[in-house]
Amino acid sequence: RAVHGHRMCENGLQHSKDSTRPRHVLTDFMLPLNHLVDRSLCAEFALLEGLASQMLCGQGLPPRGSLQVWVSGSSCLSCVAAFRQFQLLLPEVSLAVACQPDRALPAELRRLAECEQATCEL
């Protein structure tokens, strides 16, 4: 089964108070700089956790393909560890990560955001 599309995530709580938090496939790490920050709320972690959960829940052949991730700032060490965990859990999925500031939002992402607002199919 092929999975195509795009996902946009932001830092912070992404589910309602009434919903339960999804099962964690990946492990977030508390960093020594600020032990009060819940690193599972980082956008990178939320994206990878959601994709890994979705890809690993199926039966049959292991997932394969490629994943391209664009982040607007430097990832924290916990998120870098999440990228590595994703690679180890899904070795047949090629992972590419690019970092570029918000002010230089690539045209393709701008197009995807506009499509999402217009509910067009990819």
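Helix α2 of this predicted model has 13 residues, and the distance from its first C-alpha to its last is 18 Å, close to the 18 Å expected at 1.5 Å a residue. Its buried residues are S78, C79, A82, F83, Q85 and F86. Viewed down the axis of α2, these buried residues fall within an arc of 165°, so they line one face of the helix. An α-helix has 3.6 residues a turn, so residues three or four places apart point the same way. On the other side of α2, L77 and L88 are exposed.

Strand β1 (residues 65-71) and strand β2 (residues 93-99) run parallel and are joined by 7 bridges. One of the pairings involves V71, whose bridge partner in β2 is C99.

Of contacts between residues at least 6 apart in sequence, 75% join residues at least 24 apart. Buried residues account for 25% of the 122 residues in the protein chain. The chain exposes about 9000 Å², of which carbon and sulfur atoms supply 54%.

Technical notes. Residues are numbered from 1 along each chain as its sequence is written. This is a predicted model: local features need pLDDT of at least 70, side-chain atom pairs count only at pLDDT 80 or more; totals for chains, interfaces and linings use all residues. Side-chain values use heavy atoms; hydrogens and water are left out. Buried means under 20% relative accessible area, exposed over 50%, partly exposed in between (1.4 Å probe, protein chains only). Contact means heavy atoms within 4.5 Å. Accessible areas come from the Shrake-Rupley method with a 1.4 Å probe; for residues, only the protein chains shown count as cover. Two strands pair if DSSP finds at least two bridges between them. Helices (H or I, at least four residues) and strands (E, at least two) are DSSP runs, numbered from the N terminus. The expected span of a helix is 1.5 Å times one less than its number of residues. The arc is that of the directions from the helix axis to the C-beta atoms.
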